[in-house]
Amino acid sequence: MNWTPSAEEAALIATAVTLIGILITNQAKVSEFRQLWINALRDDSALLISHTLIVHAAHAEENIDESYLQIHQTTARIRLRLNPD
């Protein structure tokens with residue numbers, strides 16, 4: 001017994017395959033954006049830690065204005081990424 005789909009059945013099968021492909025592609029894109037977000041958060045965390053250590057280890061007479069600026073900028077970027085609201 002051979003089964004040959006009608007035009008409507010073929011269209012439904014093609015639509016289902018297309019929708020599955022779109023869902024898989026969408027999930028892959030979300031995962032890619034999530035990984036980029038995680039990497040940027042890690043970079044900012046490392047930068048924040050390093051400049052905090054510079055300020056902590058610096059003597060009072062050393063110029064640490066740039067490190068303070070970096071700490072404030074990095075803290076702001078981290079807060080924006082985490083978006084508690």
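## Burial of Asp44

A residue is called buried when its relative accessible area is under 20%, exposed when that value is over 50%, and partly exposed in between. In this predicted model, Asp44 has a relative accessibility of 6% and is therefore classed as buried.

## The salt-bridge network around Asp44

The structure contains 3 salt bridges. Side chains of opposite charge can pair when their charged atoms come close. Asp44 takes part in a network of salt bridges together with Arg77 and Arg81.

The side chain of Asp44 meets that of Arg77 in a salt bridge with an N to O distance of 3.1 Å. Asp44 belongs to helix H1, whereas Arg77 belongs to helix H2 (residues 65-82), so this pair ties together parts that lie 33 residues apart in sequence. Arg77 has a relative accessible area of 31% and is partly exposed.

A salt bridge also joins the side chains of Arg81 and Asp44, at 2.2 Å from N to O. This pair links distant parts of the chain, with Arg81 in helix H2 and Asp44 in helix H1, 37 residues apart. Arg81 is partly exposed, its relative accessible area being 27%.

Ile38 counts as partly exposed, at 26% relative accessibility.

Glu32 and Lys29 form a salt bridge through their side chains, with 3.6 Å between N and O.

## A nonpolar surface patch

Trp3, Ile13 and Val17 make up a nonpolar patch on the surface. Together, these residues present about 350 Å² of accessible area. Ile13 is located in helix H1, which spans residues 7-57. At 45% relative accessibility, Ile13 is partly exposed, because that value falls between the limits of 20% and 50%.

Note on methods: Residues numbered from 1 in each chain as written. Predicted model: local features only at pLDDT ≥ 70, side-chain atom pairs only at ≥ 80, totals over all residues. Heavy atoms only, no water. Patch = residues over 30% accessible without salt bridge, like charges linked within 9 Å, V, L, I, M, F, W, Y side chains within 5 Å. Areas by Shrake-Rupley, 256 points an atom, 1.4 Å probe, with all protein chains shown as cover. Salt bridge = Lys/Arg side-chain N within 4 Å of Asp/Glu carboxyl O. Helix = DSSP H or I, 4+ residues; strand = E, 2+ residues; numbered from the N terminus. Buried < 20%, exposed > 50% of the residue type's maximum accessible area, 1.4 Å probe, protein only.
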